[in-house]
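Look at the structure below.

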Amino acid sequence: MKSKKRAVGGWIFAFVFVAVQLLYCALDLWRKVSMRTPPFDDIETPIGEMIDQVIAFLRHFLAGPSLVSSPSETLVPREIGGACLIGLFVVAASVWLLSRYGWKRTYLYWGAALALSLLLCNIMGNVVASRFSSLVIFPWESIEVARRSAGYVLLYQIPAWFLYTGLRKIFRDAGEDERAKTE
Amino acid sequence: MKKNITQKAGWIFVGSFAGLHLLQGLAEMARRQMVLSGSAEGSSMVYQILEQISTFLRYFLAGPSLKADPLTPKIWPRDIGGATLIGLFVVAVTVWLLAHYGWKRTYLYWGAALALSIALCFALDLMAGSGISDPAIGSKNLAEVPLRCAGYVIFYQIPAWLLYEGSRYLARNIQKEREG
């Protein structure tokens, strides 16, 4: 029973990751449609402002600001903004997945989570664009955050592996020390 | 064979760290020289690539400056900048180095990496001359990024040590429980 629960844990993680991406995508598409189609005042309402706040938080959490350089000739450091918040979550989740499931299943879960979030956000964007017009939702706009988030997930695999192998060494050394003491 | 790779890994890390700083310094130097010579007008493909490499690496290695902008009456979050991307990397690498090599060699590697990156970027700065420090294209010198990065590396040693000591303590306790 416990091992079955353990196996389900990876899929629950993938599902939660995709659900957060889809929530952001749906809210962002709603806001864009409200802003770019008449009567243009849907975001002025208290619910609109609340949704705006949720979008801002999720965007910063999942993907941070864009790392594309400023088009201006002078690159002032503040123009490229702060880091995304998801980094620590990616490292912690990767260490947890690696220790429980090994590297093959870890990347099965990560792969499924990233592929599904990109695919479903793209489908959602295409459905909205076909209902309104390509001037309301531009091509690739719906997957901008999911794509940037995927980039961060890949980048943060490096510290995750350093931490995982470092921790394994610490635990192995502790075991050997204890064994040497008892002998 | 595996032992040999592990022994070399510390120096590979030093080389990679200093290499990234050198790449950032070279890209920034070339970008500034293109702006000064006028070849950046119209933003050519080469200029855009250099600008993107320099921006990403600067952001990754040293983040934005933490100084508040004195021209704005209010301190908006973006004015005091966000965290660097490198923080988590520093913590993870330090835990890995401490676990594999102990504290003396860990700080030999970190010391070599920081000294090498600052020295290389300082040498680039001297080679380029004072021309590229024109205020119109950014008045900071090329050693700015490795210096700020070194500050972050030192700062992030605190969580790295907490994590390392905490993990060791946890591992020892688990072993004692098993043996006991």
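The points below cover a salt-bridge network and then a serine. The model is predicted. Side chains of opposite charge can pair when their charged atoms come close. Over all chains, the count comes to nine salt bridges.

- A:R31 forms a salt bridge with A:D28, and their closest N and O atoms are 3.5 Å apart.
- These two residues, A:R31 and A:D28, sit three residues apart in helix α1 (residues 2-36) of chain A, so about one helical turn separates them.
- A:K32 also meets A:D28 in a salt bridge, at 2.5 Å from N to O.
- A:K32 and A:D28 are four residues apart in helix α1 of chain A, so they too are separated by about one helical turn.
- Both A:K32 and A:D28 are buried.
- A:D28 counts as buried because its relative accessible area is 5%, under the 20% cut-off.

- The side chains of A:R31 and A:D52 meet in a salt bridge of 2.8 Å, N to O.
- This pair links distant parts of the chain: A:R31 lies in helix α1 and A:D52 in helix α2 (residues 46-62), 21 residues apart.
- A:D52 is partly exposed, at 29% relative accessibility.
- Shared partners join A:D28, A:R31, A:K32 and A:D52 into one network of salt bridges.

**A buried serine**
- A:S94 belongs to helix α3 (residues 86-131) of chain A.
- A:S94 has 0% relative accessibility, so A:S94 counts as buried.
- Leaving out residues up to four places away in sequence, A:S94 touches A:T106, A:W110, A:Q157 and A:A160.

How values were computed. Residues are numbered from 1 along each chain as its sequence is written. Chains are lettered from A and ligands numbered from 1 in the order in which they are written. This is a predicted model: local features need pLDDT of at least 70, side-chain atom pairs count only at pLDDT 80 or more; totals for chains, interfaces and linings use all residues. Side-chain values use heavy atoms; hydrogens and water are left out. Buried means under 20% relative accessible area, exposed over 50%, partly exposed in between (1.4 Å probe, protein chains only). Contact means heavy atoms within 4.5 Å. A salt bridge is a side-chain nitrogen of Lys or Arg within 4 Å of a carboxyl oxygen of Asp or Glu.
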